Amino acid sequence: MQNETYPIMTDDGKMFCKCRNDGTTVELIGKNCSMSIQELVSKASNPKMAQQRRYKQMKNRAAKQI
């Protein structure tokens with residue numbers, strides 16, 4: 001099951017996301033980004049962590065406003 005990528009489907013048969021399993025970590029791959037399953041669970045259980053953004057994103061947003 002190492003380096004396997006497969007789709008995760010909803011009950012109605014639509015693709016929700018893809019999943020990559022390299023044997024040590026499981027990563028969910030969406031349309032615009034990817035996230036480890038551990039990070040997803042952490043953010044889902046902690047709203048403050050879910051709202052945190054990386055510094056790079058904040059910096060780019062500030063530059064666009066100027």
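**A note on the hairpins and cysteines**

1. The strands here are DSSP runs of E with at least two residues, numbered from the N terminus.

2. Before going on, please keep in mind that this is a predicted model, in which local features need pLDDT of at least 70, side-chain atom pairs count only at pLDDT 80 or more, and totals for chains, interfaces and linings use all residues. Residues are numbered from 1 along each chain as its sequence is written, and side-chain values use heavy atoms, with hydrogens and water left out.

3. Back to the strands: β2 covers residues 15-21 and β3 covers residues 26-29, and the two run antiparallel, joined by four bridges. Strands count as paired if DSSP finds at least two bridges between them. Across this pair, Arg-20 faces Glu-27 of β3.

4. Now follow the chain onward. Another hairpin, with four residues as its link, leads from β3 to β4. Strand β4 spans residues 34-36 and pairs with β3 through three bridges, again antiparallel. Here Leu-28 sits opposite Met-35 of β4.

5. How many disulfides does the structure hold? The count is zero, where a disulfide means a pair of cysteine sulfur atoms within 2.5 Å. For Cys-17, the closest cysteine sulfur belongs to Cys-19 and is 6.7 Å away, so it is too far for a bond.

6. Are Cys-17 and Cys-33 buried or exposed? Cys-17 is buried, at 7% relative accessibility, whereas Cys-33 is exposed, at 51%. Buried means under 20% relative accessible area, exposed over 50%, and partly exposed in between, using a 1.4 Å probe and protein chains only.
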